[in-house]
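Here is a short note to read alongside the structure. Please keep the sequence open while going through the points.

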Amino acid sequence: MASAVIIAGILIYVFLYHIFGGFLAKKIIKVDDSRKTPAHSHYDGVDFIPARRTVLFGHHFASIAGAAPIIGPVIALAWGWLPGLLWVWLGNIFIGAIHDYFALMASVRCRGCSIQFIAMDFFGKKTGRYVQWFVLFLLILVIAAFGAVVGKTFESSPQVASSYFFTVLAALALGVLMYRLKMEFKLATLIGIALLGLSLWLGKLFPVSLSYNTWMVILFAYIVTASALPVNVLLQPRDYLNSWLLYAGMVLGVVGGLGSLCRFTAPAVTQFAPVVLESRATPFWPIIPLIIACGSLSGFHSLVASGTSSKQLDKETDGLFIGFGSMFTEGMLSTLVIVCISSFGLMIFQEKLGASPLPGSWGRDYSSLLNHEKIGGPVSLFSLSYARMISRTLPFISEKILGIFAAIWVSSFALTTLDTTNRLGRYVISDLSSDLREKSQVFHHLVTNKWIASLIPAVLGIFLAASGKYKVIWPAFGAANQLLASIALITGTLWVIKASRIKRSAWIFIPSVFLWVTVTCALAWFIVFVLPGYIRENILTGIILAVISVAMMVINLLLSKSFYLKSSNE
Amino acid sequence: MIDPKKIKSQLCRALTAFWELQKREATDLIEYELHELENLFALLVYSPFIGLPLPPSSVAYELLPYMESELKALLVRSTRASDMLSDIASVFDGL
């Protein structure tokens with residue numbers, strides 16, 4: 001079954017890439033290689049520079065792939081494996097890939113402007129501000145959600161925690177070899193990979209067991225330190241090692257999944273509204289996009305696509321491979337995650353807890369067992385299932401080491417995101433507070449101080465994470481991300497209608513309306529049904545989360561109004 | 001018919017592209033910081049233009065021929081100064 005799903009996934013993606021992607025490129029975007037891309041028309045040798053398409057694909061994929069396409073599908077298994085898989089495939093093909101591709105091409109046709117700028121061009125300056133608010137909320141909630149998930153993993157798996165800090169030491173050593181001693185690139189890479197392997201082994205030997213709250217303090221100190229260090233000391237070598245973790249993880253996953261020949265033990269479908277969020281019956285629609293974000297669609301991708309990727313696209317026909325292809329690859333990553341848990345999740349529950357959610361009660365029990373201290377949350381369940389799957393195919397690799405490898409893979413991506421959000425946060429806060437300059441110079445100076453601007457998302461995010469309720473924070477993060485996606489998709493739709501003057505805009509108009517309606521309903525459901533219970537248990541963090549969620553809803557409705565007025569005029 | 005030479009050349013091309021990608025993965029953040037520093041350096045050297053006489057004008061004029069590419073990049077960037085969010089988002093890692 002596992003092999004069949006992986007092969008089916010690959011075939012569906014390859015087939016639709018050529019058929020559906022080709023249709024979008026030729027009939028809707030109307031790609032034309034005689035039209036110069038910004039990489040040529042604005043060539044400056046620095047930002048605008050044509051890149052080889054395979055290289056740009058790899059860079060784009062590494063920029064969009066993080067921990068979310070792994071964590072989301074694990075939580076969504078409460079609905080059974082089929083609904084999650086269908087959402088990954090259909091959402092990916094008919095919403096996510098279109099979103100990424102159109103954001104990229106809109107940017108290419110608009111001289112490399114960001115999606116935020118294009119939205120401002122269509123809907124006025126206020127829209128740009130709204131996008132920035134969404135990005136700020138997204139940054140705070142990313143720190144909260146990823147911090148909580150990593151904290152839970154480190155608390156339940158002391159070997160993973162120590163391995164991670166050994167990998168940080170490995171990255172520091174690689175930084176010295178590469179950038180100080182200027183060692184030959186391939187040799188330094190080999191040493192870096194060997195150090196990475198050594199870190200996993202040392203982590204297994206010297207576990208560090210600490211409480212959840214202590215991990216929160218350490219994570220906060222780590223975020224601040226990592227983002228304050230020069231990039232060549234830690235961020236760059238660690239990102240480089242992460243790229244190897246990503247490739248190794250995906251290759252091993254595909255090989256392991258194809259070779260394990262295992263059956264799915266998780267039920268295909270449980271019920272429409274199993275218990276997923278805070279002991280609440282959670283309906284599949286509209287909540288699913290808040291749970292499975294990046295594997296299916298993600299607003300953050302529109303920023304990446306309209307950032308460096310659009311400025312380095314050599315020719316318009318390459319856009320499909322970069323925008324559409326990268327999203328499909330990320331969908332394949334989420335497919336692998338679903339395959340792992342569906343095949344071995346039940347077995348892991350039985351081994352760790354002596355009990356497992358029976359197929360009949362899977363929907364009711366899965367979520368609470370996932371949160372059990374012996375399991376340790378979505379990252380731990382994924383890493384244990386992943387290790388079991390690979391060791392079936394490749395029995396000569398230690399299952400324990402594979403488990404630590406998988407947990408490090410996800411934790412590294414989550415932690416990388418945490419410390420880089422500080423830089424984005426600094427930029428967004430400085431920009432958002434520019435209007436304050438004339439009203440209150442003192443306050444403006446205070447907020448735009450580089451330390452204070454960097455620390456605002458980190459402090460709020462870790463404070464939210466300290467509540468330990470990742471199941472409440474995760475959908476809020478999903479909502480911020482998907483609302484951003486909704487803006488980008490609507491902008492893309494209007495751009496197509498305006499720029500191409502074609503009649504087939506329904507292909508993106510319908511997904512954009514569907515996405516907006518779904519995410520708006522999901523956020524409303526979250527505010528009405530989940531937040532009150534959370535506020536009762538955690539007053540301060542509950543109020544912060546409520547303020548952010550309600551603000552997102554208000555901005556969303558204001559935006560919709562301006563979208564409606566603008567499209568009516570058009 | 002499978003042509004081993006063709007397969008070999010395609011493998012070589014794939015490996016070359018892979019190493020090129022990895023080199024980029026190993027340097028993109030440093031490159032980003034470098035461009036920021038170059039912008040800063042250009043601003044410092046030509047600070048008299050914005051009313052801050054940091055280096056003597058003669059030094060600035062002497063450096064002018066060597067600063068051509070930095071100044072061009074700085075000018076292009078200055079036109080996009082309010083649109084850097086996506087650039088920063090794509091340089092640093094994703095979600």
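This is a predicted model: local features need pLDDT of at least 70, side-chain atom pairs count only at pLDDT 80 or more; totals for chains, interfaces and linings use all residues.

1. The predictor gives the complex an ipTM of 0.85 and a pTM of 0.90. For chain B the average pLDDT is 83, and 96% of the residues score at least 70.

2. The contact between the chains takes 49 residues from chain A and 29 residues from chain B. On the chain B side, the elements that give two or more residues are α1 (4-25), α2 (28-45), α4 (68-79) and α5 (85-91). By class, that side of chain B has 14 nonpolar, nine charged and six polar residues.

3. Within chain A, helix α11 (residues 235-260) packs against helix α17 (residues 399-432) at an angle of about 140 degrees, and their axes are 10 Å apart. Because of this angle, α11(A) is oblique to α17(A). The crossing of α11(A) and α17(A) is left-handed. Residues making the contact include Arg238(A), Asp239(A) and Leu245(A) of α11(A), and Trp409(A) and Phe413(A) of α17(A). The residues of this contact of α11(A) with α17(A) divide into five nonpolar, four polar and two charged.

4. Phe165(A) lies in helix α8 (residues 158-180) of chain A. Phe165(A) counts as partly exposed because it has 17 C-beta neighbours inside 10 Å; a buried residue would need 20 or more. Phe165(A) and Leu358(A) are 193 residues apart along the chain, and their C-alpha atoms are separated by 37 Å.

Notes:
Residues are numbered from 1 along each chain as its sequence is written. Chains are lettered from A and ligands numbered from 1 in the order in which they are written. Two residues are in contact if their C-beta atoms, placed from the backbone, lie within 7 Å. Helices (H or I, at least four residues) and strands (E, at least two) are DSSP runs, numbered from the N terminus. Ala, Val, Leu, Ile, Met, Phe, Trp, Tyr, Cys and Pro count as nonpolar, Asp, Glu, Lys and Arg as charged, and the others, Gly among them, as polar. A residue is buried if 20 or more other C-beta atoms lie within 10 Å of its own, exposed if 12 or fewer, and partly exposed in between; C-beta atoms are placed from the backbone. pLDDT is the predictor's confidence in each residue, from 0 to 100. Axes are lines fitted to C-alpha atoms, for helices over the stretch in contact, and angles run from 0 to 180 degrees between N-to-C directions. Angles under 35 degrees count as roughly parallel, over 145 as roughly antiparallel, 65 to 115 as roughly perpendicular and the rest as oblique. A crossing is left-handed if the near helix is turned anticlockwise from the far one by less than a right angle, and right-handed if clockwise.
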